[in-house]
Amino acid sequence: GASNLIDCFVVLMSALGLVIPILKICRALRTIRLISRVPSLKAAVQSLFRALPALATVHVALACLWFLFGILGVQLLMGRFWYCKDVHGQILPLDRDSCLQPN
């Protein structure tokens with residue numbers, strides 16, 4: 001059945017994983033069989049998949065909020081964290097234009 005196909009795929013990928021190490025990740029597919037065999041685990045995974053659209057909405061809202069705070073931070077703090085040092089590491093009391101002028 002389907003579990004035999006998954007086992008065959010996992011064994012083939014494990015054998016190829018000896019040559020191409022990234023394919024060893026496919027060993028994690030063995031857990032899919034466990035999910036289908038344990039009813040409580042299957043219910044938990046199905047609940048997680050049903051929650052994905054709501055989680056995506058929250059993710060988009062948080063990404064927009066982080067973007068807005070990023071813009072606000074750049075606008076409020078731009079140019080406040082620069083300083084000018086001489087060759088000995090001493091901080092010089094120069095403005096930015098004087099600091100960037102060639103000697």
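**Notebook: Leu 77 and the chain around it**

I looked up Leu 77 to begin with and noted a relative accessibility of 42%, which makes this residue partly exposed. The reason is the cut-off: buried means under 20% relative accessible area and exposed means over 50%, so a value in between counts as partly exposed. I record that the model is predicted.

I then placed the residue in its element: Leu 77 belongs to helix H3, which covers residues 39-77. I also took a distance from Leu 77 to Val 58. The two are 19 residues apart in sequence, and their C-alpha atoms lie 28 Å apart in space.

**Fold**

**Overall dimensions**

**Burial and contacts**

I checked burial over the 103 residues of the protein chain and found that 6% are buried. Among contacts with a separation of 6 or more, I found that 11% join residues 24 or more positions apart.

**Surface and charge**

I computed an accessible surface of about 8,900 Å² for the protein chain, with 71% of that area belonging to carbon and sulfur atoms. For charge, I counted 10 positive and 4 negative side chains. The centres of these two sets are 30 Å apart.

**Cysteines**

How many disulfides does the structure hold? I found zero. Cys 8 is partly exposed, at 43% relative accessibility. Cys 64 has a relative accessible area of 44% and counts as partly exposed.

Note on methods: Residues are numbered from 1 along each chain as its sequence is written. This is a predicted model: local features need pLDDT of at least 70, side-chain atom pairs count only at pLDDT 80 or more; totals for chains, interfaces and linings use all residues. Side-chain values use heavy atoms; hydrogens and water are left out. Buried means under 20% relative accessible area, exposed over 50%, partly exposed in between (1.4 Å probe, protein chains only). Contact means heavy atoms within 4.5 Å. Accessible areas come from the Shrake-Rupley method with a 1.4 Å probe; for residues, only the protein chains shown count as cover. Lys and Arg count as positive and Asp and Glu as negative; His and the chain ends are not counted. The place of a charge is taken as NZ of Lys, CZ of Arg, CG of Asp or CD of Glu. A disulfide is a pair of cysteine sulfur atoms within 2.5 Å. Helices (H or I, at least four residues) and strands (E, at least two) are DSSP runs, numbered from the N terminus.
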